[in-house]
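Please open the model in your viewer and keep the selection panel at hand. The stops below go from one selection to the next.

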Amino acid sequence: MTRLDSWLEQATRRLSRDSAAQVRIEIQAHYESAREAAMSGGATADDADQQAIAALGDARTANCQYRKVLLTASEARILRQGNWEARAICSRVWLKWTLVALPVAALIAATVFSLMGAVEITRILLVPALGIGLLFAVPMFPVYTPSRSRIYRAVKWLAIIAMLALAFGSDALKWSWLLISCLWVFFQIERTRASIRRKLQVADWPKQLYL
Amino acid sequence: MNFKGTLPTLILEALRHEPTHGYRIAQQIKERSQGVLDFKEGTLYPALHKLENEGLVKSHTSIENGRPRRYYRITENGRKALSKDRAHWREVSQAVTIILGEA
């Protein structure tokens, strides 16, 4: 393994395959130019190699910086999985319309039961109406601009909290360990998506990043 | 000399006149600063990618001497950011000069 190979291996650690390939192309071209310049200045091949690598600096520092601006392997995996889920739903028309119809039906039923004074049933119906509506039905509407998506995300978090409050009511404190565990998963997904949003230009965002 | 935080501005300045690749940007910065601003070249590319993510530069790959090379060019937003950074830098350097001049 050459010095450049081991530098590249460290610098591209935990980056996605595409990001790593991009870094390799750039650094390789940079290294060749630096090496040629050193050799034309009279350095031996080995000295030129050493100088070119030294000029690149610490590979671990570069890796840290690359991971802040290029997709990591785990982020690329989340994007792939998200695309697969979206395709699975959007390619089945019956599933798509069922997911829109379910929250609407649940909302209508909740209104009817609330008018009849059945508070408990209303509460039980509102939870799936909010959950399915937000997670599956709203993404079928035109929320795919950065500003609309910001509003959607804010509303989504409010609705998740409302949904949990409805589901657990006064027992929320007793079940806080479960609530925190559930919210932690959502929070992690949201954090990863925010990181991906920073790394991709808006024009390159897949639909899932707007949600 | 450590010039943390100013590298993106220096990159935009290096790209102001013509599109170029990372190695030439690094050389330009070193030459134009007469060797005062020395930096590790491996950190140049993350900064370039960040500028690209922010839409301040655009890149394309072309073949030079038989090897693929990524060229960067400044965008209209990049030019606006550069002129803003330039004005901000003038203000800061003036203020520092005044303070150090008083000492």
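What follows is a short tour with a few selections, each with what is found there.

This is a predicted model, in which local features need pLDDT of at least 70 and side-chain atom pairs count only at pLDDT 80 or more, while totals for chains, interfaces and linings use all residues. Residues are numbered from 1 along each chain as its sequence is written, with chains lettered from A and ligands numbered from 1 in the order in which they are written.

Select chain A together with chain B: 25 residues of chain A are in contact with 17 residues of chain B, contact being two C-beta atoms, placed from the backbone, within 7 Å. On the side of chain A that touches chain B, helix 2 (17-40), helix 3 (45-56), helix 4 (59-69) and helix 9 (176-199) of chain A each supply at least two residues, where helices are DSSP runs of H or I with at least four residues, numbered from the N terminus. Helix 2 of chain A gives the largest share, eight residues.

Next, colour chain A by domain: the assignment, which is automatic or from a database, gives domain 1 (3-69) and domain 2 (74-210), and their C-alpha centres lie 44 Å apart.

Now select A14(B), which is placed in helix 1 (residues 7-14) of chain B. A14(B) is buried because 20 other C-beta atoms lie within 10 Å, and 20 or more is the cut-off for that term, with C-beta atoms placed from the backbone. Not counting residues up to four places away in sequence, A14(B) touches I25(B), Q28(B) and I29(B).

Note on methods
A residue is buried if 20 or more other C-beta atoms lie within 10 Å of its own, exposed if 12 or fewer, and partly exposed in between; C-beta atoms are placed from the backbone.
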